[in-house]
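Dear colleague,

Here is the structure for your files. My notes on one part of it follow below.

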Amino acid sequence: HDREPVVAAPLLDRRRPRHELRVRRGFAVPLASLAATAAVAAGAVAVVSQPDGAPEEKAVAQGGNVLLVAAANAQKAPAGKYWHVKRVSGEIYAVGGSAADHYKVDSRQGGEGWAERGGKAIWAHIEYSDVPLTPEDARKWRAAGSPKWANIPNSEGGDEQMKLDMATPTQQGTPAWYPADDRYFGLTAAQIAALPTEPAALERSLLDLKGDWHAYSESRQSEPIRALRGPERVRALSEVTRTLLSTAPAPPKVRAAAFRMLAAQPGVRAEGRVTDPAGRPGTAVSLPLETTVPLGLYTAPKQLGTYRRQLIVDPAAGTLLAVRDLVATPPKGSRKLPAGDDGRPRSLKAENMPDRFHRPGELAGYEVYQVTEWTNAEPRR
């Protein structure tokens, strides 16, 4: 059942079923216009840069464009020997039989990676328990007998039993480290380091990246981003930008250019202060996307609702804290799927979706970046 997605860099991988086992999320090191001005959609900038040689001061957002402020501060970040990333992803599942009688579970997986400037990288998967999403969900879980395995419908369209593991320790021992692919949307670490540091030039370079960039497609379509128009182009560029700001070993000036490039995209706007899924304060930046299911044929047909994506940014630190997907329209209807491994026909039904009882605006999934930094510290293994 572990078929790989067509595109090797989904933002939030959707679950893949394992017979009589917990639902798991597969991890790998992700593959990860106009120059921004003070008049882009997210607002004006109070301070966006310091002259060379000026004292190191943090740019401050004063009702201004948080992406440009984040860019100014990202550019000042120190370089180092290793790019270190630690992240946790979660998908929210409804357990129960009705909208009135269910509780939500945060099904989590994690990973940590270290990449050298030359491209050599290692990655470790971190296993976490599935936990009730809120204190009220925890109360309902306890009222249901605190089951160690929570039964859920099979959202993958097959007949296998799907369960959520509510008993695994929060983190199991020392993670195992493995060599990691050093490509990000086909780019090597050396190519990432050589990307333009001016936003318009960076965009022109990224527009040549090829992939299946559509939210939903019935056949594989490998094409450059520049072939896309409107929200689909913003979607693809935002996906690459997200990778440059998180898992890819991008130098500080490239990260700053990525922030500025995103700020220049039509429809990108700040939504005010929020708290990310890890409880850290930041500013939400929304993307003008019709749906935010992961890119690629494996995952794209697996959704029957639509979602809107928010990046949560710490402008003062110049970092991307998290990405979260919120339900726009709850799942409805059904869709045929290709036959499973047993050759039997399958179909996707709204009644089996993880978010079948979600209301618009509720959290469907997220990815938190606990650590994204250049460091001279040696990898901890």
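In strand E14, Gln310 is the bridge partner of Ser286. Helices (H or I, at least four residues) and strands (E, at least two) are DSSP runs, numbered from the N terminus. This is a predicted model, in which local features need pLDDT of at least 70 and side-chain atom pairs count only at pLDDT 80 or more, while totals for chains, interfaces and linings use all residues. Residues are numbered from 1 along each chain as its sequence is written, and side-chain values use heavy atoms, with hydrogens and water left out.

E14 covers residues 306-314 and pairs with E13 in the antiparallel sense over four bridges; two strands pair if DSSP finds at least two bridges between them. E13 also pairs with E12, again antiparallel, over six bridges. Thr283 in E13 is the bridge partner of Arg273. Five of the six residues of E13 are buried, so the rest of the structure largely encloses this strand. Buried means under 20% relative accessible area, exposed over 50%, and partly exposed in between (1.4 Å probe, protein chains only).

E12 and E13 form a hairpin with five residues between them, and Gly279 in the turn has a positive phi of about 90°. Asp276 is in the loop between E12 (269-275) and E13 (281-286). Asp276 counts as buried because its relative accessibility is 3%. A polar atom of the Asp276 side chain lies 2.8 Å from the backbone nitrogen of Ala278. Neighbours within four places in sequence aside, Asp276 is in contact (heavy atoms within 4.5 Å) with Ile312, Leu321, Ala322 and Val368.

Regards

Terms used: A polar contact is a pair of N or O atoms within 3.5 Å; within protein, one must be able to donate a hydrogen and the other to accept it, and residues adjacent in sequence count only if both atoms are side-chain atoms.
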